[in-house]
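Dear colleague,

I am passing on the structure below, together with some notes on what was found in it. Please read the notes with the model open beside them.

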Amino acid sequence: DSDYENEAYSCELVISKTYKTRRRSINMSSQGSGSCERLQRALLECHRRIPAGPGRDSGCRHLNQALANCLVLVCCPDESEAVRSLCSSAGTALKRSQCQQAKLSLSTCLSSHQQ
């Protein structure tokens, strides 16, 4: 039986220090997140196939990371886009400062969704 079945939650419970979603299911349909739903199904399948432990952690890591990124984008789209665009390369001192500000804004947005 999967760790994720039979419970639903939104952005508030998605954002965690590790982005791991134990004993929860992600219901993002109300937020128009088809790609996150596909990633969730893929991660569920990965957890069904691989027993708990280091093998699962390693084998499902890319899906866990992709789902976390997707959910952060759904929860804080403007802030995520700002970080992506402003922090993609080193740039000038001004761009680095703008990148730091964008990261702070994203952090604030994510914190506002924590329970």
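Is C36 buried or exposed? In this model, which is a predicted one, C36 has a relative accessible area of 1%, and because the cut-off for buried is under 20%, C36 counts as buried.

That residue leads directly to the disulfides, of which the model has 4 by the distance rule applied here; three of them are described below.

**C36 and C70.** The sulfur atoms of C36 and C70 lie 1.9 Å apart, and the two residues form a disulfide. This pair connects distant parts of the chain, with C36 in helix α2 (residues 34-49) and C70 in helix α4, 34 residues apart. The angle about the S-S bond is -105°, which makes the link of C36 and C70 left-handed. C70 has a relative accessibility of 11% and therefore counts as buried.

**C76 and C109.** A disulfide also joins C76 to C109, with a sulfur-to-sulfur distance of 2.0 Å. Because C76 sits in the loop between α4 and α5 (77-86) while C109 belongs to helix α6 (residues 93-112), this pair ties together parts of the chain that are 33 residues apart in sequence. The link of C76 and C109 is left-handed, at -95° about the S-S bond, and both C76 and C109 are buried.

**C87 and C99.** Here the sulfur atoms are 2.0 Å apart in a disulfide that joins C87 to C99. C87 is found in the loop between α5 and α6 and C99 in helix α6, so the pair ties together parts that are 12 residues apart in sequence. The link of C87 and C99 is right-handed, with 115° about the S-S bond. As for accessibility, C87 reaches 24% and so counts as partly exposed, whereas C99, at 9%, counts as buried.

**Helix α4.** How far apart are the end C-alpha atoms of helix α4? They are 21 Å apart, which agrees with the span of 21 Å that its 15 residues (61-75) should have at 1.5 Å a residue. The buried residues of α4 are L63, N64, L67, A68, C70, L71, V72 and C75.

Best regards

Notes. Residues are numbered from 1 along each chain as its sequence is written. This is a predicted model: local features need pLDDT of at least 70, side-chain atom pairs count only at pLDDT 80 or more; totals for chains, interfaces and linings use all residues. Side-chain values use heavy atoms; hydrogens and water are left out. Helices (H or I, at least four residues) and strands (E, at least two) are DSSP runs, numbered from the N terminus. The expected span of a helix is 1.5 Å times one less than its number of residues. Buried means under 20% relative accessible area, exposed over 50%, partly exposed in between (1.4 Å probe, protein chains only). A disulfide is a pair of cysteine sulfur atoms within 2.5 Å.
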